[in-house]
Amino acid sequence: LRAAVIEAGSKVGGRVLADQSLAGAPRELGPEFIHGEHSNQLVELIEAGLAARPAARLVELDWPNYFYLGKEGRLVSAAQAQAMPEVAAMETAFEALGGIEAEAVPEQSLLQYLVAAGVESRVLDLADAIYANDYGAVASDVGLRETIHEQRSWTYGEKYLVLSGACLQDAMDQLSDGLDVRCGWTVTSVTLPPDGGVLLLSADGRRLSARRAVLSVPLALLQRGTIDFEPPLPPEHVKAIGAVKIGNALKVLLQLSHRFWPGDFYDAVCADATFPEVWLTPAAEAMGPHAEPPFTLVGFVSGARADRLATLPHPELARLLCAQLDAMFGTVGRPHPASQACTAHLVKDWAQAPHARGAYSYPTPSALGARGQLSAPVGGRLFFCGEACHEGINPCIHGAMETGQRAAEEAAASLQQGEREAPMEPAEGARSRL
C-alpha cells in the first residue's frame with residue numbers, strides 16, 4: 001500500500017503557521033494553545049519527542065489568568081473575577097450545558113440561552129469573550145445544540161498547554177516525516193471514474209490517479225466550490241457542507257520594547273473591548289521577570305467581529321490594540337505604556353489565506369448531525385476529514401488528527417476487499433512533473 005500527501009501550500013500542517021518576520025523567532029499565526037491533556041494525539045506526538053527540537057516540552061498554564069472589564073476599566077486576576085457573583089453565575093450557566101441533552105432543547109443561540117439563564121448584562125460580553133470568541137464566533141451566532149453536544153463530547157481534560165522550545169510546525173513536520181509529500185499541488189477537480197479509483201486534477205493541469213482519496217480540504221473552500229466533483233457530491237453532503245459554518249480569525253501581533261504588565265500575566269479575556277482576548281507569545285518563554293525583550297503580544301478576535309475589523313488598515317489595527325492595552329495597563333504616571341513600547345506589528349487575517357479562507361468551524365445553529373454526514377465516504381472511494389468533520393465538534397489540531405486517522409482507517413479497510421493494487425501514477429497523457 002502506497003500513499004501520497006497532496007498539499008496545496010508550500011508546507012504540511014494546513015492552518016498551522018509560524019512566522020519569523022516580526023521577532024526573528026517563530027511566532028504562531030494560526031493555532032497556538034493545545035486544549036486538553038487526555039487522549040490527545042498532538043500531545044502524544046510532542047511528548048514522544050520532536051527530532052528537530054529535542055528540548056521541546058509542554059507547559060501548563062491557567063486560562064484565563066486575567067479578566068478585563070472594559071466598561072469599568074478594571075483588570076482583575078482570575079481569582080478576583082471568580083469571586084464575583086455574576087461571573088460565578090455565568091460559569092454555572094455554561095457548565096450546566098453538559099447535563100442537557102442537545103435534542104431535548106429548542107435550537108437557539110448561545111446568547112439567547114445565557115440571557116434566559118439569568119446571566120447579568122455586566123458579564124454577558126465577558127461570556128462572549130470567554131466562550132464564543134474561543135469557539136470562533138460571536139455568541140449570537142453560536143448554536144446551542146452543537147454547543148451542548150461539544151460540551152458532552154469533550155473528554156480530553158481541561159488543561160491549557162503551550163509548546164516551549166519549538167513551534168507547532170515542528171510537530172507537523174515530525175508527523176509527515178518519511179511520507180511522500182507533494183507540495184504546491186492545488187486540487188481543482190475530483191473525479192470518480194465508472195471503472196473505479198479516483199482521478200485528481202491540479203490547477204496547473206497535472207493529474208494523479210489513485211484507488212482511494214482522503215480529502216482534508218478546509219470547509220470554506222468546499223463552500224466556495226473551489227473543487228469540482230464528478231459526479232457531483234450526493235445531496236446529503238452538499239447540505240452538510242452548507243449547514244456547518246466557519247468563522248474568520250484575526251491575529252494582531254505587536255512587538256514591544258519593554259514590559260508593562262504584571263509578572264504573572266500571560267493572557268486576559270476582555271469584555272466590551274475591541275479584542276476579546278490578548279496574550280503574550282510564546283507564553284512559556286515570555287512569562288516571568290527574567291524574560292528578555294523584545295516581547296510579542298497578540299490580540300485575537302474571531303467571527304463577525306474579525307470580519308468587521310479586517311476592513312481596517314493594519315496600522316489602525318495595531319493602534320487599536322495599543323489603545324486597549326493602554327487602558328488595561330496604563331497608570332496615571334504612565335498612561336500609554338503599550339503605545340510607547342510598540343516598535344512593530346504584524347496582522348494575520350485568515351479569511352484572506354488562499355488555501356483556508358477562514359479559521360475553523362464553530363457550533364452552528366441547526367447543524368447538529370451535519371458533521372457526521374459530511375465525513376461519510378462517497379462511492380466507497382472518497383473519504384473526508386478535517387476539523388469540520390469531527391462529530392464531537394472539536395476544531396482543535398488533535399480533533400483534525402482524529403478525523404484523519406478515522407478516514408485513513410476507512411480507506412484502508414475498503415482496500416482490503418480484494419481489489420488489485422493499482423500503482424499511483426499520473427493518468428495517461430497527463431502533463432505532470434511528479
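Keep in mind that the model is predicted.

Let's start with the seven-stranded sheet. The sheet is open, and its strand order is β7-β6-β17-β18-β19-β16-β20. The pairing is mixed. From one strand to the next, the twist averages 20 degrees.

A quick reminder on how sheets work. Strands of a sheet pair through backbone hydrogen bonds, and the pairing is either parallel or antiparallel. We can see both kinds here. Take β6, residues 66-69, as our guide.

On one side, β6 pairs with β7, residues 74-77. These two run antiparallel, and four bridges join them. Find Tyr68 and look across: Leu75 of β7 stands opposite. The two strands form a hairpin with four residues between them. Look at Gly73 in that hairpin, where phi is positive, near 65 degrees.

Now turn to the other partner, β17, residues 267-271. Here β6 pairs in the parallel sense, over three bridges. Leu69 stands opposite Ala271 in β17.

So what about the side chains? In a regular strand, they alternate between the two faces of the sheet. Are the residues on the two faces of β6 buried or exposed? Tyr66 and Tyr68 sit on one side, Phe67 and Leu69 on the other, and all of them are buried. Both faces of this strand are covered.

Strand β16, residues 249-256, pairs with β20. Seven bridges hold this pairing, in the antiparallel sense.

Another is α12, residues 314-329. Helix α12 lies across β6, β7, β16, β17, β18, β19 and β20. Its angle to β16 is about 70 degrees.

Most residues other than glycine have a negative phi, and most peptide bonds are trans. Let's look at some exceptions.

Cis bonds come up now. Trp63 and Pro64 are joined by a cis peptide bond, with omega about -20 degrees. Pro64 is in the loop between β5 and β6. Another cis bond runs from Glu230 to Pro231, where omega is near -5 degrees. Pro231 is in the loop between β14 and α9.

Then the positive phi values. Asp272 has phi near 50 degrees, and this residue is not a glycine. Asp272 is in the loop between β17 and β18. Its relative accessibility is 33%, so Asp272 counts as partly exposed. Arg357 also has a positive phi, about 55 degrees, although it is not a glycine. The loop between β20 and β21 is where to find Arg357. With a relative accessible area of 27%, Arg357 is partly exposed.

Let's move to helix α15, residues 397-415. The expected span is 1.5 Å times one less than the number of residues.

Helix α15 has several buried residues, including Ile397, His398, Gly399, Met401 and Leu415. What covers the buried residues of α15? Among the elements are β4, α1, α7, β13 and β22.

Follow two of those covering elements. First, β4. It belongs to an open sheet of three strands, in the order β4-β8-β5, with antiparallel pairing. β4 and β5 are the edge strands, each with a single partner, so one side of each has no neighbour in the sheet. Two bridges link β4 to β8, residues 160-164. His35 stands opposite Tyr160 in β8.

Second, α7. Ser176 is found in this helix. Is Ser176 buried or exposed? It is buried, because its relative accessible area is 16%, and buried means under 20%. Leaving aside neighbours within four places in sequence, Ser176 is in contact with Val12 and Val181.

Notes. Residues numbered from 1 in each chain as written. Predicted model: local features only at pLDDT ≥ 70, side-chain atom pairs only at ≥ 80, totals over all residues. Heavy atoms only, no water. Buried < 20%, exposed > 50% of the residue type's maximum accessible area, 1.4 Å probe, protein only. Pairing = 2+ DSSP bridges. Axes fitted to C-alpha atoms, helices over the stretch in contact; angles between N-to-C directions. Contact = heavy atoms within 4.5 Å.
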